[in-house]
Amino acid sequence: MNVFLELLAREASAVEFEGPVLQARAAGADPATLEELEREKVAALRIRAVMRRRARREAELSALFDTAKDLAGLRDIDAVLAAIVRRARGLLGTDVAYLTLNDAERGDTYMRVTDGVITARFRSVRLPLGAGLGGLVAQTGEGYATSDYFADERFRHTGTIDDAVTEEGLVAILGVPLRLGGQVIGVLFAADRGVRPFAREEIALLASLAAHASVAIDTARLLEETRAALTELSEANRLIRNHSTAIERAADAHDRMTGLVLRGGGVEDVAAVVTEVIGGRLTVLDGTGEPLVGDPGDVDPGVSDAARASRALGRSVERGRNLIASVDVGGSESTPLCTLVLRTAGPVADTDRRILERAALVTALLLLFRRSVADAEGRVRGELLDDLIARPDLAGLPDRARRLGLDLAEPHVLVSVTHDGQRERAAFWASSEAALTGGLATARGDEVVLLLPGDKPGVTAKRMAAELSASLGRPATAGAAQAGSDVAAAYEEARRCASALLALGRAGDGAGAAELGFVGLVIGEGRDVAGFVHGAIGAVRDYDEKKGTQLVQTLVAYFACGGQLTRTAEALHIHVNTVTQRLDRIRRLLGDDWQEPERALEIQLALRLGSAFRHPPGR
C-alpha cells in the first residue's frame, strides 16, 4: 500500500496506479499477491477520486468567496466582472469565457467582458436579441448548453454570429442568464474549441457566478443612483445626510456579512447583523419552511406565496407586517435555499430592503456551502458503511472509520429501517442522524441503514422508527442488532428483525431480537435462550428460590391439564383453592396478561427450555 500512498502523495495520474500491479505480474508474483495489489489499487484510486473532487470543490468555494469579497469592496464594476469571467474560465477549464449585456436603447446585445478570446471580431461583435444561443438564453431566462454549436438547431443561427464563432474556433458553448429582478440583462458564457458536454454541476457553478455578476451590476447601479440622488439633493443637506447614513449602513452591513462568510460565521451571525442594523424581529426559514433562526410565530400566513413572488422578482416583497426576501438555486422556484422574514413596527427604507436582500444572498451562500460539505461527508460515511456490510475484509476500514471520528471497537448498534416514503427525504434524515450522533448512514432503495454508538438495540430501533415515521408522515419499521466486529452479520440480523415486525403486523414499530420474544430466538444471531427464559418466567423462578414455593411446578401442571383447575389440583395432589391461590400469585408476578395467547405461548416455551437454563444470564 506504501507505493500507492506515494502515488497519492505526489498526485500521480490514474494510469500510473497500474504500474505496481504490472511490475508485480512481470516479477512472477503469486495470484494472492496480485489480487491484494488490485484491491489496494482500487482503494487508492477511490481515495484519489475523493481527493480530486474535494480539491475541485475547494477551488469552487474559494472562487465564490473571492467573488463575494470583490463585491464587498466594489469600486470598479469592470474589474469585478472581469474577475468573475476569469474565474468562470478557470473553474470550468474552458478555452474561453465571456459576458454580454443587453443594450435597451439599441435593442441588441454587446460584449462587456471576455477572457481567452483571440480575435478582435469576436470581442466587438453585437448580437441581435433572440439570435444565437445567447438569444435563446435571454429569451427563455434559462441556461443552455451545446456540445456542438453548429450542429444544434434549437436556436436561430445568423451569419454575423456564426462567422464570429467560426473565426474564434468555438464548438461547445454554455450560457446562463444574468438576472436583475425578474429581467434577464445579459448572459455569462463558457466555451471550448472542441466538442464537450457540460455537466449539471458545471451549469450550476456558472449560474452561481452569474448571480454574483448580477449582484455586482445591481450594486453598481445602486451606487450610481445614490450619486445621482446626492447631486440632485445637494441643496437639501438634511436629506443628503440621511441618505448618506443609509448608504453607509447598507455598506457596513454588507461588509460585516461578507466578513462573517470569510471568517466562517453562521446563519445566526448574519441574522444578528440584520436586526442590529435594521431593527425589528427576523425569522430565517430553510428550504422546507422550518425555522433556522427566530420565532415562527412572527411569520404571517401566506409567507410561502410571498416567498415564491420574491424569488420570481429577485427582490424583497411585503405581505402584511412582514418583509420577505427568498433565494433559490439557479433560478429554480422548486428548490428554495432560504427565506428571510422581517417584522418591523413601521415601513422599511429601500436601502434597508437591500440589506435584507443581501442578507438573504449571504445566508443562501452559507447554507449552500454547509449542504455541500454535509453531502461530501455523508457520501464518505455512506461508502464506509457499505464497505463494512458488503466488503468487511477490505483493508483499511478501521483507519477510515477513525478518520471520521468513529472507533469500531466501541459498542455500536446496527439499525435497518424500511419505509415506503420519499427516498431522498429518508436518506437526508439518516445522514443527519448519523452526523448528530457520530455514526454512519447509507441508503439502499426503500431502506436506510445506520451504525450508531450504543448498546441498546431495542431502544435505538424504537427511537429510529418513531423519528423517521414522523419525518415521512408514514410508518417506518426498524430492526436493530448489537454490532461487534462483524457488521455484516449484525446487518442481516437487523433486517430479519424488521421483516419479523412487518410479518407480525407491527409496521411503524422498532425492536431488536430481545424484544421479539420467542421470535427473537429464531431470528437472533446470538440466540440468547437463557435470557429469553429469564425474561419470560424469571420472576416466578426467583420467587420459588426465595420462598421455597412450587409456582413453576404449578405452571407446568396447569398448562399440561389444558388450564382446568380441577385436573391441575388432582395432578399436584392439592386442593383447588391452593391452585387458585398459586395462580393468583403467578398473575401478580408475571402480569395480568400472562394467559393471553402470545404470552402464554412464550411462558410454555420458557418452561420447556427452563430445565437447561436454571439461572439468568450473568449469574
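The dialogue below goes from the sheets to the aromatic pairs and then to the cavities.

Mentor: Bear in mind that this is a predicted model, in which local features need pLDDT of at least 70 and side-chain atom pairs count only at pLDDT 80 or more, while totals for chains, interfaces and linings use all residues. Residues are numbered from 1 along each chain as its sequence is written, and side-chain values use heavy atoms, with hydrogens and water left out.

Trainee: In what order do the 6 strands of the open sheet lie?

Mentor: Strands (E, at least two residues) and helices (H or I, at least four) are DSSP runs numbered from the N terminus, and two strands pair if DSSP finds at least two bridges between them. Here the order is E3-E2-E1-E6-E5-E4, with antiparallel pairing. E3 and strand E4 (144–146) are the edge strands, each pairing on one side only, and from one strand to the next the twist averages 25 degrees. Within this sheet, E1 and strand E2 (residues 108–115) run antiparallel and are joined by 7 bridges; leucine 99, for example, has valine 113 in E2 as its bridge partner.

Trainee: Which strands does helix H4 lie across?

Mentor: Contact means heavy atoms within 4.5 Å, and angles run from 0 to 180 degrees between N-to-C directions, with axes fitted as lines to C-alpha atoms, for helices over the stretch in contact. Helix H4 (residues 77–92) lies across E1, E2, strand E5 (172–180) and E6, and runs at about 70 degrees to E2.

Trainee: What is the strand order in the open sheet of 5 strands?

Mentor: That sheet has the order E13-E14-E12-E15-E16, and its pairing is mixed. E13 and strand E16 (510–512) stand at the edges with a single partner strand each, so one side of each is left without a neighbour in the sheet. Direction ignored, neighbouring strands are turned by 20 degrees against each other on average. Strand E12 (residues 412–419) and strand E15 (residues 476–483) pair in the antiparallel sense over 8 bridges, and threonine 418 has threonine 477 in E15 as its bridge partner. Helix H14 (residues 423–437) packs on this sheet, touching E12, E13 and E14, and its direction makes about 5 degrees with that of E14. Helix H15 (residues 457–472) lies across E12, E14, E15 and E16, running at about 150 degrees to E15.

Trainee: How many residues lie between E13 and E14 in their hairpin?

Mentor: The hairpin has 2 residues between its strands, and glycine 445 in the turn has a positive phi of about 60 degrees. Strand E13 (residues 440–444) and strand E14 (residues 447–453) run antiparallel, joined by 5 bridges, with leucine 440 standing opposite leucine 451 in E14.

Trainee: How many aromatic pairs are there?

Mentor: A pair of aromatic rings is described by the distance of the centres and the angle of the planes. Rings of Phe, Tyr and Trp (its six-membered ring) pair if their centres lie within 6.5 Å, and planes under 30 degrees apart count as stacked, over 60 as edge-to-face and the rest as tilted. By this rule the count is 7 aromatic pairs. The rings of tyrosine 98 and phenylalanine 122 have centres 5.1 Å apart and planes at 85 degrees, so this pair is edge-to-face. Tyrosine 98 lies in strand E1 and phenylalanine 122 in helix H5 (residues 120–123), so the pair ties together parts that are 24 residues apart in sequence.

Trainee: Which residues lie nearest the centre of the largest cavity?

Mentor: On a 1 Å grid over the protein atoms alone, a cavity is a set of points where a 1.4 Å probe fits but cannot get out, and lining residues have an atom within 4 Å of a point. Points are joined across faces, edges and corners, and a volume is the space filled by probe spheres set on them. The structure holds 4 cavities of 30 Å³ or more, and the largest cavity has about 130 Å³ of space. Of the 15 residues that line the largest cavity, Tyr98, Leu127, Ile161, Val165 and Phe189 lie nearest its centre.

Key
On a 1 Å grid over the protein atoms alone, a cavity is a set of points where a 1.4 Å probe fits but cannot get out, and a pocket is an open set with protein on both sides within 12 Å along at least five of seven lines; lining residues have an atom within 4 Å of a point.
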